[in-house]
Amino acid sequence: LGAQIISDVRTFVRAFEALFGGFRQRATSTFELLSSRHSTFLVVATPHHDALREAEYFVDRLTEEGMPLSGMVINRVHTCALAISPERALSLAEDLADTSAVLEVEALRRHANLMRMIEAEMRMMERFATARPTVAQTQVQSLPTDVTDLAALRRVGSLLSDKD
């Protein structure tokens with residue numbers, strides 16, 4: 001190898017070092033800004049296993065790094081005003097199965113599925129809260145449609161502002 005190749009490699013390494021030095025400086029500045037008292041993090045997740053597992057990772061990582069964490073919003077939580085257990089709903093559906101009440105049977109079966117989903121979501125949220133008792137949480141109920149416009153976003157805002 002000639003002296004020119006060694007010189008070219010040296011020039012390349014210096015240029016590369018300058019490039020990464022700028023990255024490091026910007027990364028350090030960004031980290032300082034995000035960890036300052038002027039910033040805070042709010043983790044948002046749905047009450048599903050994979051989403052809560054990712055939220056756990058982020059909450060734990062933010063805590064380890066000493067980043068300001070305001071809390072967590074659990075979004076799309078299912079609710080039901082009808083206080084009939086899934087077992088009772090399925091029992092009623094079975095009693096009506098041989099009648100002409102086809103819609104009622106289907107409604108009772110759907111109710112049973114909804115109640116089971118609510119129970120599963122509650123277990124997952126309780127598990128998260130028990131493992132991280134210092135993380136403030138609020139829940140936003142599931143809406144009948146996706147949030148795709150300002151009116152729906154205002155509805156989510158109203159649901160959040162109704163919480164403590």
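Which residues in helix 2 meet Met 124, Met 125 and Phe 128 in helix 4? They are His 49, Leu 52, Ala 55, Glu 56 and Val 59. Contact means heavy atoms within 4.5 Å. Ala, Val, Leu, Ile, Met, Phe, Trp, Tyr, Cys and Pro count as nonpolar, Asp, Glu, Lys and Arg as charged, and the others, Gly among them, as polar.

This is a predicted model: local features need pLDDT of at least 70, side-chain atom pairs count only at pLDDT 80 or more, and totals for chains, interfaces and linings use all residues. Residues are numbered from 1 along each chain as its sequence is written, and side-chain values use heavy atoms, with hydrogens and water left out.

Helix 2 (residues 49–64) and helix 4 (residues 102–131) pack at about 10°, their axes 11 Å apart. Axes are lines fitted to C-alpha atoms over the stretch in contact, and angles run from 0 to 180 degrees between N-to-C directions. The two helices are therefore roughly parallel (angles under 35 degrees).

The largest pocket holds about 180 Å³ of space. A pocket is an open set of points on a 1 Å grid, for a 1.4 Å probe, with protein on both sides within 12 Å along at least five of seven lines; lining residues have an atom within 4 Å of a point. The volume is the space filled by probe spheres set on the points. Of its 13 lining residues, the closest to the centre are Asn 75, Arg 76, Leu 143, Val 147 and Val 156.

| Class in the pocket lining | Count |
|---|---|
| Nonpolar | 7 residues |
| Polar | 4 residues |

How values were computed
Helices (H or I, at least four residues) and strands (E, at least two) are DSSP runs, numbered from the N terminus. Angles under 35 degrees count as roughly parallel, over 145 as roughly antiparallel, 65 to 115 as roughly perpendicular and the rest as oblique.
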